[in-house]
Amino acid sequence: MTDTFDPKSSTTSSIPLNLGLLLMLSALTALAPFGTDVYLSAIPVMAQDFSVAVHDVEISISYFLVGLSLGQLLGGPLSDRYGRRKLVITGLGLFALSSAVIVFSDSLMMLWIMRFFQALGGGLAMVNSSAIIRDLSSGKEGAANLIRVMQVMMIAPLVAPIIGMLILQVSNWNTIFAFLAVYALLLMVLFYRYLPETSPMSVNGNLLKSYFNVIAERKVWGFITSTCAAYAGLLSFITASPGVLMGYFQLSETVYPFVFGFNVLAMVLMSRVNLRLLSHFHSRQLIALGQGLQLLSSSLMVAYILLFDQHTLFVLIPLTMLFMGSHSFVVANSISCTTELFPERAGTATALIAALGFFSGGLAGGIVGHFADGTPLPMVLMLLSACLIGIFVRSFNAMTLKG
């Protein structure tokens with residue numbers, strides 16, 4: 001990459017989507033898993049410090065996901081109109097500032113509020129990753145680039161709990177949020193220095209009209225619902241995992257990140273499979289494959305929890321790995337199909353599908369937390385329910401379009 005860029009003179013055709021830019025976009029997309037996963041090991045300690053139940057601190061994940069959804073809903077059309085670069089830098093600044101405030105928080109309410117604003121900034125910034133990829137590539141190449149970014153990004157939820165655990169060993173939970181502030185600041189410097197403007201900035205009009213133009217296209221409904229269902233399953237597991245793994249199965253704070261990481265490793269490996277299969281199959285076929293695998297694994301999980309009184313991680317973890325590993329089949333291909341329908345509104349389309357996905361995840365996680373009974377049952381029921389809804393709506397939408 002060159003040392004400087006002039007956004008006004010940059011054109012999409014002259015900007016290479018090289019390894020450096022892909023890594024930067026991967027790091028930007030990793031804001032979400034870092035924001036949700038890095039402090040999971042510290043949740044019991046935070047609950048003690050705030051003198052509240054563990055569940056009350058877990059709810060901060062849902063606040064984060066709601067803020068992330070709103071940030072993406074605002075950031076997508078704004079980036080189409082005013083440019084990707086401004087939104088990335090502004091969002092990262094807000095994320096860093098909010099993270100710094102959390103370091104000095106002394107109440108649960110302040111944690112909830114700042115987690116919302118932290119995520120709002122993260123959403124404004126990270127929604128541009130997929131849009132920038134769509135600006136610079138399309139078709140199967142665009143889908144492949146999305147998967148490459150997701151592959152690198154998936155390292156974040158693998159290492160984030162481990163980073164949080166290591167920080168907790170030598171310091172306190174406040175330092176974890178200091179780490180997030182520094183991470184965002186470093187990204188802000190990199191994107192300010194090296195990110196060119198890729199958006200044609202040819203879209204005018206208000207936010208509601210921009211989203212209406214996307215929603216009015218019936219072809220996108222199946223892709224949006226599939227993404228929402230996939231995120232509902234993924235984030236239900238993330239939200240419930242501290243209580244299930246450290247509570248029900250009595251894992252220690254040190255062991256928990258590694259067991260959690262098995263699921264992330266499955267996502268990384270399956271994304272590699274996804275990338276290879278793109279050479280032979282259409283993205284729509286791979287969405288169906290991913291949903292089929294999730295239906296199989298979640299059905300087996302529910303049956304196992306209901307039919308057996310004694311449960312072991314040696315059965316549950318392989319099934320959750322299959323479910324989580326299939327996530328990239330559904331999400332990456334759904335986003336690729338969606339942005340292909342809206343080449344001039346890639347930011348808006350990406351924002352809508354991502355925001356609704358994270359909102360669905362936050363809602364599903366909140367429901368799982370509300371019905372938490374100390375067992376894995378609420379979590380696995382949500383995984384199955386989300387999967388069934390995604391398959392039903394996508395299939396019904398495809399049938400009506402053919403008719």
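This is a predicted model: local features need pLDDT of at least 70, side-chain atom pairs count only at pLDDT 80 or more; totals for chains, interfaces and linings use all residues.
The secondary structure of the protein amounts to 18 helices and 0 strands. Of its 403 residues, 57% count as buried. Contacts between residues at least 6 apart in sequence were also examined by sequence separation: 85% of them join residues at least 24 apart.

Helix α14 (residues 283–307) packs against helix α18 (residues 377–402) at an angle of about 150 degrees, and the two axes are 9 Å apart. Because an angle over 145 degrees counts as roughly antiparallel, α14 and α18 fall in that class. Their crossing is left-handed. On the α14 side, the contact is made by I287, A288, Q291, Q294, L295, S298, S299, M301, V302, I305 and L306. The α18 side contributes L377, V380, L381, L383, L384, C387, L388, G390, I391 and R394.

The second pair consists of helix α13 (residues 256–277) and helix α16 (residues 327–341), which pack at an angle of about 50 degrees with their axes 8 Å apart. This angle makes α13 oblique to α16. The crossing of α13 and α16 is right-handed. Residues M267, M270, S271, V273, N274 and L277 of α13 make the contact with H327, S328, F329, A332 and N333 of α16.

Aromatic side chains were considered next. With ring centres required to lie within 6.5 Å, the count comes to 14 aromatic pairs. One of these is formed by Y63 and W112, whose rings are 5.1 Å apart centre to centre with 20 degrees between the planes. Y63 belongs to helix α4 (residues 54–82) and W112 to helix α6 (residues 108–126), so the pair ties together parts that are 49 residues apart in sequence. Y63 is partly exposed, at 34% relative accessibility, whereas W112 is buried, with a relative accessible area of 15%. An aromatic cluster is formed by Y39, F50, W173 and F177. A contact between a charge and a ring involves R85, the charged end of which sits over the ring of Y192 at 5.1 Å from its centre.

Helix α4, which holds Y63, also contains Q72. Q72 has a relative accessible area of 1% and is therefore buried, the limit being under 20%. When residues up to four places away in sequence are not counted, Q72 touches G123, L124, V127, Y211, A351, A354, A355 and F358.

Residue I238 is located in helix α12 (residues 221–248). With a relative accessible area of 6%, I238 is buried. Leaving aside residues up to four places away in sequence, the residues touched by I238 are D37, L40 and F260. I238 and D37 are separated by 201 residues in sequence, while their C-alpha atoms are 7.6 Å apart in space.

Technical notes
Residues are numbered from 1 along each chain as its sequence is written. Side-chain values use heavy atoms; hydrogens and water are left out. Rings of Phe, Tyr and Trp (its six-membered ring) pair if their centres lie within 6.5 Å; planes under 30 degrees apart count as stacked, over 60 as edge-to-face and the rest as tilted. Helices (H or I, at least four residues) and strands (E, at least two) are DSSP runs, numbered from the N terminus. Buried means under 20% relative accessible area, exposed over 50%, partly exposed in between (1.4 Å probe, protein chains only). A charge sits over a ring if NZ of Lys or CZ of Arg is within 6 Å of the ring centre and within 35 degrees of the ring normal. Axes are lines fitted to C-alpha atoms, for helices over the stretch in contact, and angles run from 0 to 180 degrees between N-to-C directions. Angles under 35 degrees count as roughly parallel, over 145 as roughly antiparallel, 65 to 115 as roughly perpendicular and the rest as oblique. A crossing is left-handed if the near helix is turned anticlockwise from the far one by less than a right angle, and right-handed if clockwise. Contact means heavy atoms within 4.5 Å.
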